[in-house]
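Open the model in your viewer and keep the sequence panel beside it. We will go stop by stop, selecting as we go.

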Amino acid sequence: MWSSGRRAGAATLLAPTWSIRPVAPLASSALVPFVGAGILVLVWSLVSLRFHVTVFPSPLETVQEAARLLSNAELFQHTGASLFRLFLGFALGSALAIPVGFGMGLFLFVRRMMEPITEFFRFIPAIALVVFALIWFGIGESSKVFLIVYNAFFTVAMNTEAGVAHVLPNRMRAVQSLGGGRWDTFCLVVVPSVVPYILTGMRLGMGRSFATIVSAEILAANSGLGYLIYSSREYSKMDTVVVAILLLGALGLLADRLFRGLTRRLAGGYLPAGDATGS
Amino acid sequence: MRRAAWKVSELALPYGLTVLLLVSLWEFASRRINPLFFPGPTTVWRSFLALASGDLAAHVGVSLVRILTGFLLGSLVGIPLGLLMGGIPVIRRLLDGTVEFFRFIPPIAMIVLAVVWFGTGEASKVFLIIFSTVFLVTVNTEDGVYHVVRNRIRAVQAMGAGPWDVFRLVILPSAVPHALTGMRIAMGNAFSTIVSAEMIVADRGIGFLLQDSRLFLRTGHIFVALVALGLLGFATDRVFRILIARFGGEYVVVR
């Protein structure tokens, strides 16, 4: 895509990507995304003019509420509680899933034995297990951590398995022709090739884990962002709700970018010709 | 596809072994644990019979209608939006950041706002499903348009095609498998969202059945609801896989 000094008319501005016309300079300006966000905030303000803060808080009211929440550490405590559960469950779930995924990818019999289990359980949303999590693990931390473990396990295991299945045979042959045994092939080719897939599985599982922890905290907790959202309902504090929602979006985005960065860093040369990190 | 090549006789042994192992483990465990905590196969079967003759179908139907309504509305918004964003640079740059941000908001976090805005009835659930669907479908459709093979466009243009022909003959068919993939992922999320939403505020649906059985500690009923969810999710996922294979055809990106 190239831009020229030509003046932007409406026709060039709206030219599709596949058009032969040059892209208007305006479209390539770094300010455009901020204009988009600006329009959104403007619409948000205009709509909020018609409603009370207890129904539809304005951007200004939301910012004021965010400042108030930040000043009394309440927000930090709830965010910390949610993140702690997420990371603990996520680390445990991945630690369990990676060996299982390798087993499924490497040994046909293991895969066939595990398949009925993974194919069935991965369609049961983690939150549907909240009742059993509460019965088995009580209302404390362990029930929430259990749900996140469950959530992370299937996504990470299945992506690990897919990674093993997609190891390039020529890479293995290359190592073997240089005299590498099975163990060498595993350490030098299979593991590094699977790493990007594992990280992709973790990235996808992270998004779902955010949704699960919020629902679990709404249903059974007395801390965390989900709890903050649901308890604010009783006082009609919709501004608090909006702050928590925006914070969740920001945290989710941050986690996603971290995983993408990690994938690129750790797996650079091992990415297949396409893009293993694509969503 | 790897699995298509497998013969039934090859699968029967490992699959049968796993299922047998699981069920016997389940039966064994349930005999040593209080059935209130962990109902055995017989308890679950009795619950299934009770629910099947009662309102299991009604709850499942209510949840499915909510999911399908929201899912169709969300896709109806998401696909054109994705096509526009993928095709027109200004629109992409205007909306990309915003869509990308909203994509990471867990839909269930919107439940309090949904109830305040749309009440406790159907509208709030449909809104949540639209919210779970629209951004994923938009992002995937956009991705599909954006990654169209340039030479295909050039080939059509060399034959004298205008922008509309390029869109109709190349862009749209290349974007369809991506849009369907977005819809398949969105469908999984929609299930998760509707169950949470129904557990929190509803008087019907699978989520309500779970929550209601929890209050009365009818753990057998909970197991039945979980199995129903697993089967529904599996079935819808297969439908999308078939659709992708059918309509994606030669346009599917080989991975």
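Start with one definition: a residue is buried under 20% relative accessible area, exposed over 50%, and partly exposed in between. Keep in mind that this is a predicted model.

**Stop 1: the two chains**

Color by chain. Select chain A. What secondary structure does chain A have? It has eleven helices and zero strands. From the N terminus on, the pattern is α-α-α-α-α-α-α-α-α-α-α. Chain A has 279 residues, and 48% of them count as buried.

Now select chain B. Here there are ten helices and zero strands. Along the sequence, chain B reads α-α-α-α-α-α-α-α-α-α. Of its 255 residues, 48% are buried.

**Stop 2: two loops with a positive phi**

Select Ser236(A). You are in the loop between α10 (225-234) and α11 (238-267) of chain A. Ser236(A) is not a glycine, yet its phi is positive, at about 55°. Is Ser236(A) buried, partly exposed or exposed? Its relative accessibility is 34%, so Ser236(A) counts as partly exposed.

Jump to Leu217(B). This residue sits in the loop between α9 (206-215) and α10 of chain B. Leu217(B) is also a residue other than glycine with a positive phi, near 55°. With 36% relative accessibility, Leu217(B) counts as partly exposed.

**Stop 3: a nonpolar patch on chain A**

Select Leu31(A), Phe34(A), Val35(A), Ile39(A), Val43(A), Val47(A) and Phe51(A) together. They make a nonpolar surface patch of about 660 Å². Pick out Val47(A) from the group. Val47(A) belongs to helix α2 (residues 32-49) of chain A. Its relative accessibility is 31%, so Val47(A) counts as partly exposed.

**Stop 4: the second largest pocket**

Rolling a probe the size of a water molecule over the atoms shows where empty space is left. The second largest pocket holds about 1,200 Å³ of space.

How many residues line the second largest pocket? There are 31. Select Phe120(A), Phe121(A), Ile124(A), Leu22(B) and Phe223(B), which lie nearest the pocket's centre.

Next, color the helices around the second largest pocket. From chain A, α5 (108-121) and α7 (141-165) each supply at least two lining residues.

**Stop 5: salt bridges**

Show the charged side chains. Over all chains, the whole structure has 23 salt bridges. We will visit a few.

Select Asp256(A) and Arg257(A). Their side chains meet in a salt bridge, 2.6 Å from N to O. Asp256(A) is buried because its relative accessibility is 5%. Arg257(A) has a relative accessible area of 38%, so Arg257(A) is partly exposed.

Move to chain B and select Arg66(B) with Glu122(B). They form a salt bridge, and their closest N and O atoms are 2.8 Å apart. This pair links distant parts of the chain: Arg66(B) is in helix α3 (residues 56-87), and Glu122(B) is in helix α6 (residues 122-146), 56 residues apart. Arg66(B) has a relative accessible area of 2%, so Arg66(B) is buried. Glu122(B), at 34% relative accessibility, counts as partly exposed.

Glu198(B) lies in helix α8 and Arg66(B) in helix α3 of chain B, so the pair ties together parts 132 residues apart in sequence. Glu198(B) counts as buried because its relative accessibility is 1%.

Then select Glu119(A), Arg122(A), Arg184(B), Asp237(B), Arg238(B) and Arg241(B). Salt bridges that share partners join these residues into one network.

**Stop 6: back along α8**

End at Asn189(B), in helix α8 (residues 163-200) of chain B. Asn189(B) has 22% relative accessibility, so Asn189(B) counts as partly exposed. The separation is 8.9 Å, although the residues are 82 apart along the chain.

Technical notes. Residues are numbered from 1 along each chain as its sequence is written. Chains are lettered from A and ligands numbered from 1 in the order in which they are written. This is a predicted model: local features need pLDDT of at least 70, side-chain atom pairs count only at pLDDT 80 or more; totals for chains, interfaces and linings use all residues. Side-chain values use heavy atoms; hydrogens and water are left out. On a 1 Å grid over the protein atoms alone, a cavity is a set of points where a 1.4 Å probe fits but cannot get out, and a pocket is an open set with protein on both sides within 12 Å along at least five of seven lines; lining residues have an atom within 4 Å of a point. Grid points are joined across faces, edges and corners, and a volume is the space filled by probe spheres set on the points. Helices (H or I, at least four residues) and strands (E, at least two) are DSSP runs, numbered from the N terminus. Patches are made of residues with over 30% relative accessible area and no salt bridge: like charges are joined within 9 Å, nonpolar side chains (Val, Leu, Ile, Met, Phe, Trp, Tyr) within 5 Å. Accessible areas come from the Shrake-Rupley method with a 1.4 Å probe; for residues, only the protein chains shown count as cover. A salt bridge is a side-chain nitrogen of Lys or Arg within 4 Å of a carboxyl oxygen of Asp or Glu. Buried means under 20% relative accessible area, exposed over 50%, partly exposed in between (1.4 Å probe, protein chains only).
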